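I opened a new notebook page for this structure. The entries below follow the order in which I looked things up.

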Amino acid sequence: MSDAKVLLEVNNLIKHYPVRRGLFGRVSGQVHAVDGVTFSVAPGETLGLVGESGCGKSTTGKAVLKLVEPTGGSINWRGTRIDGLSAAEMRPFRRELQAVFQDPYSSLNPRKSIAAIIALPLRVHGIAGEREKVSEMMELVGLPARLADSYPGQLSGGQRQRVAIARALIMRPEIVICDEPTSALDVSVQSQILNLLQRLRRELGLTYIFISHNLAVVEHIATRVAVMYLGRIVEEAETATLFAAPRHPYTRALLASVLTPDPALGIPDTGLGIAFPNPLDPPPGCRFHPRCGEALPRCSTQAPRRRAVERSTVECHLYEESAP
Ligand code: SF4
């Protein structure tokens, strides 16, 4: 990485999962969860990663966090390549890369008090001043001090997510990967947590990667958006640009679906039917071609390349100079 303004740079990230027949059977295929994802994140911005369930956005976040080992590509943090580092080599970077996940209940140890949960990263890294740091962080995320000795089961969903945020922030990280942090919460609580995350970003100078299937949420919080489809980023632009002038047919379908969501499902109806292609056997050419209403003859055989189109980057044959 040569650009000092870039905090995180992900190049051609690939993550394939082998599929085996039976418990110890031979490998019968590969799930192409992430298949050539490239993006960078600058300090202070919020990159929204959006797409349908199974598009690879969570796997991308897990690879950056080193929770899964990439099959290929590279991940650079402040100019240092971190993919392939051992757990010990990764230790100094762990403090700077933190995460908040969807389900605060399952990510919090039910037998530990709230104060102990928030303090855990300090203990792991041998950092002193636990009491003061925990109470300061509880106040910062809006948790009353009286909850310090409570347990996760005694808290509301919103309070539990505040605990998860406090635990992520107590090491004062540079970047926080928020993976669907509000999807498990009541609608009324979602906006409180989103506003909290935004305030914390401003006050602590944080950078976020915000992973979500919910475009309305992403529009609210992200400064830049990358739309993923079947393991690839198909369009990327600043948030205002993407929402004002979506270019990729998939982005346009996703945006149209925001107008007719099924609130009970919380999953956008893309208007593209349920035929999400099998990631075990992605379609040739453009992966979106079986669902695309604007497909050209070459779309079923030639994969489009990512190209700049005004202030966006788009992976679609419609934007080649010779198209259609
Ligand atoms: Fe549709 Fe072709 Fe563009 Fe893919 S490359 S989104 S199939 S027009």
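**Entry 1. Lysine 66.** I began with lysine 66, which counts as buried because its relative accessibility is 13%, under the 20% cut-off. The model is a predicted one, and I keep that in mind for every entry. I found lysine 66 in the loop between α1 (57-64) and β4 (72-77). I then looked at its backbone: phi is positive, about 65°, although lysine 66 is not a glycine.

**Entry 2. Aspartate 83.** What is aspartate 83 in contact with, leaving aside its neighbours within four places in sequence? I listed Lys66, Pro70, Gly73, Ser74 and Ile75, so lysine 66 from my first entry turns up again as a contact of aspartate 83. Aspartate 83 is placed in the loop between β5 and α2 (87-94). Its relative accessibility is 14%, so I noted aspartate 83 as buried. I also noted a polar contact of 3.0 Å between the side chains of aspartate 83 and arginine 81.

**Entry 3. The open sheet.** Next I traced a sheet of four strands. The sheet is open, its order is β2-β1-β4-β5, and the pairing is antiparallel. Which strands stand at the edges? I wrote down β2 (27-41) and β5 (80-81); each has a single partner strand, so one side of each is left without a neighbour in the sheet. I followed the pairing of β1 (residues 8-20) with β2, which is antiparallel and runs over eleven bridges. Valine 27 in β2 stands opposite arginine 20.

**Entry 4. Strand β7.** Five of its five residues are buried, and I noted the strand as mostly covered. Ile175, Ile177 and Asp179 point one way, while Val176 and Cys178 point the other way. I then looked for the partners of β7. It pairs with β6 (residues 97-100) in the parallel sense over four bridges, and with β8 (residues 207-212), also in the parallel sense, over five bridges. Valine 176 has a bridge partner in each: glutamine 98 is paired with valine 176 in β7, and valine 176 is paired with tyrosine 208 in β8.

**Entry 5. Glutamate 180.** Is glutamate 180 buried or exposed? At 10% relative accessibility, I count glutamate 180 as buried.

**Entry 6. Helix α3 and its partners.** I looked at helix packing next. Two packed helices are described by the angle between their axes and the distance between the axes. For α3 (residues 114-124) and α5 (residues 157-169), the axes come within 7 Å and cross at roughly 30°. That angle makes α3 roughly parallel to α5. I listed the residues in contact: Ile114, Ile117, Ile118 and Pro121 on α3, with Val163, Ala166 and Arg167 on α5. The crossing is right-handed.

For α3 and α4 (residues 130-140), the axes come within 10 Å and cross at roughly 120°. On the α3 side I noted Ile114, Ala115, Ile118, Ala119, Leu122 and Arg123, which meet Glu130, Lys133, Val134 and Met138 in α4.

**Entry 7. Isoleucine 165.** I stayed with α5, where isoleucine 165 lies. Isoleucine 165 has a relative accessible area of 2% and is buried. Not counting residues up to four places away in sequence, I found that isoleucine 165 touches Val100, Val141, Ile193, Leu196, Leu197 and Leu200. I also looked up methionine 90, 75 residues apart from isoleucine 165 along the chain; the C-alpha atoms of the two are separated by 22 Å.

**Entry 8. Strand β12.** I finished with β12 (residues 312-315), which is joined to β10 (residues 232-238) by two bridges, with the strands running antiparallel. The partner of glutamate 236 in β12 is threonine 313. I also followed β11 (residues 306-309), which pairs with β12 in the antiparallel sense over four bridges. Arginine 306 has glutamate 315 in β12 as its bridge partner. The hairpin of β11 and β12 has two residues between the strands, and I noted that glutamate 310 there takes a positive phi near 50°.

Conventions. Residues numbered from 1 in each chain as written. Predicted model: local features only at pLDDT ≥ 70, side-chain atom pairs only at ≥ 80, totals over all residues. Heavy atoms only, no water. Pairing = 2+ DSSP bridges. Buried < 20%, exposed > 50% of the residue type's maximum accessible area, 1.4 Å probe, protein only. Polar contact = N/O pair within 3.5 Å; in protein donor to acceptor, adjacent residues only side chain to side chain. Contact = heavy atoms within 4.5 Å. Axes fitted to C-alpha atoms, helices over the stretch in contact; angles between N-to-C directions. Parallel < 35°, antiparallel > 145°, perpendicular 65-115°, else oblique. Left-handed = near helix turned anticlockwise from the far one by under 90°.
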